[in-house]
Amino acid sequence: MTTIRILPEILSNQIAAGEVVERPSSVVKELVENSIDAGATSITIEVIKGGKSLIRVSDNGVGLSRDDAILSIERYATSKIFNKEDLFTISTMGFRGEALPSIASVSKFNLVTRTKDSDIGTRIEITGGKIRNVSDAGAPVGTMVEVKHLFFNTPARKKFLKSDNTEISHIADAISGMALGNPHIRFRLFLNGKLQKNFSLADDLFQRTMHVLGRDAADKLYELKFCDSFIDIHGYCSNPLVTRSTSSKIFLFVNNRMVYDRGLISAVFQGYKGRMMKGRFPLGVFFIDIAFDQVDVNVHPSKREVRFFNSQRVYKALSETIDNALSIAQQNMTAYSKVSDLQTGFVFPQKTAELGQIYKVEQSLIEFPADRPGNEKNTGQKQSLGQNHLERPSDGSSEMKILGQVMGTYILVEIKGILMLFDQHAAHERILYEKLKHRYQSLKVQSQTLIVPETLELNCREADLLSKILDDLSALGLVIEPFGGTSFVVKAVPSIIDEKEIKPVILEILEKALVKKDGFSKDDWLEKCLILMACHSAIRANLNLGHGEMVKLLSDLEQCENPRHCPHGRPIMISWSKKQIEKLFKRLV
Ligand SMILES: Nc1ncnc2c1ncn2[C@@H]1O[C@H](COP(=O)(O)OP(=O)(O)OP(=O)(O)O)[C@@H](O)[C@H]1O
Ligand SMILES: [Mg+2]
């Protein structure tokens, strides 16, 4: 016979903690949300050793009386809902009445609080869920919660915690999200005693967004605005050219609560459809407000998931709002680019300099005779373009006839009865990549010192990673120096790369390394950097090329060791033999 028992309260709190408190960032999220619900205008978060030794959240909210403070650490004690009806009109961050008891059951927990009606505050000390002491305490109006030695009594959980830097970056992400949702509140984050983030009171949503998404995205943000009787959408989304390799910079809010919802992320992608490269993620802050009875926030104890009663309508509204904002921005850009080609970094072929963009990008390489076609010492096996070795192209008289550029992106060529299409971006990427590599191998790296050094503001994990590879990067001509905390300055960049492109390149390198579990070897790093530099400097699709430029591109490609694939592995050319074409036309069966 089984015996059924009611679990002791501490144990049931620890079980609840399993769902509510996954890691230090969940503690930060719950405590800060409590401060927001308490009407605080200033919230300070202090973290030591990634939150494993200490998390302290102090606020200037309404505080708690002694009786309420004692109640607050009881399970199912909440001041935020009273009856069933309230559950369907939740406007506060918390409502389940389980965060504090859960956290207190798996840590050494202190709460100090005072209301404005009382001269003396209250201090409660709890260890592993057991109240050790309740006493008077001198304290300002507001609440301070201290969580020490998280999971000290649940070693299995403790084992799952990651490095301090990983935990810190989760904490920073959680705070960024809450700061975006509450621009009227000041947030400060101290890591190991040092001020790390300071979201000031003067911020509006745009300033907070710039602060959180980073300066490289800031001048390329588009405003989102849509409102009807069902839904209100507002926020900012990034230009499709500013992307990341993960979804970590997509912040979604439903009725001001930061949520994670796959459907909403897909809707964001739908809005960007056709404008962004596969595998890339946009950046943005998306606020969706709908009637409280249209959404259920009580789906999971962490309150990160929501359920919409009419999800398709929500998703459609979001993707259309994004699509509209991007279309409008694009229309404006066409007119703009006419006067600002040079400023935006796009150089269209000019009649006076027929080699246009290709020439410009490769100027620095031309200075090195060893790099010129025909002079270099190729080490690898050289492949040729198709079975028919490409003759050096000239104006149509030789084997190869350049028929022209199609769709602004592909070069159409006829060689000995074979019709070929070359992807101009992929081809240029391959050429630059091989030249950079030769240059690096023969240590002829040329870098140009920046007159105004670029600063990089990174998160802790990125900073940690970057500091480990500074020497390797300088071997590539990319000179970066630490600038205190998680900031760095870029002092010099390889001359092949436009200095405007350097930030996205560095961020992309770091992002790629962060998602790769076992990290990169030194050679991987160099390879990745070369590929990214080549990719960012190569001419784009949708760039009209003059005849001379096409000739140069194909002739340089012919000199490459591997003229068939771009450094990412995509094909550079596709071809059809006369026979294949005749089959398509059913001349041959
Ligand atoms: N910083 C604070 N300032 C004032 N009151 C607080 C603070 N933190 C907690 N409280 C009080 O303690 C109660 C319990 O907090 P707790 O986080 O455990 O539950 P909740 O916020 O009501 O719901 P949830 O479990 O969903 O977070 C709150 O309802 C609130 O009344
Ligand atoms: Mg709460």
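This is a predicted model: local features need pLDDT of at least 70, side-chain atom pairs count only at pLDDT 80 or more; totals for chains, interfaces and linings use all residues.
Me: How many residues of strand 3 are buried?
Reply: Six of the seven residues in strand 3 (residues 108-114) are buried, meaning under 20% relative accessible area with a 1.4 Å probe and protein chains only. Strands here are DSSP E runs of at least two residues, and helices are H or I runs of at least four, numbered from the N terminus.

Me: Which sense does strand 3 pair in with strand 4?
Reply: Antiparallel, over six bridges, with strand 4 covering residues 121-127; pairing takes at least two DSSP bridges. The two form a hairpin with six residues between them, and threonine 113 stands opposite threonine 122.

Me: And strand 6?
Reply: Strand 6 (residues 142-148) pairs with strand 3 in the antiparallel sense over seven bridges. Lysine 108 is opposite lysine 148 there.

Me: New topic. How many residues surround ligand 1?
Reply: 21, the closest being Thr78, Ser79, Lys80, Arg96 and Lys303; the cut-off is a heavy atom within 4 Å.

Me: What does threonine 78 do there?
Reply: One of its polar side-chain atoms lies 2.5 Å from an oxygen atom of ligand 1, a polar contact (N or O atoms within 3.5 Å). A polar side-chain atom of aspartate 59 lies 2.9 Å from a ligand nitrogen atom.

Terms used: Residues are numbered from 1 along each chain as its sequence is written. Chains are lettered from A and ligands numbered from 1 in the order in which they are written. Side-chain values use heavy atoms; hydrogens and water are left out. A polar contact is a pair of N or O atoms within 3.5 Å; within protein, one must be able to donate a hydrogen and the other to accept it, and residues adjacent in sequence count only if both atoms are side-chain atoms. Buried means under 20% relative accessible area, exposed over 50%, partly exposed in between (1.4 Å probe, protein chains only).
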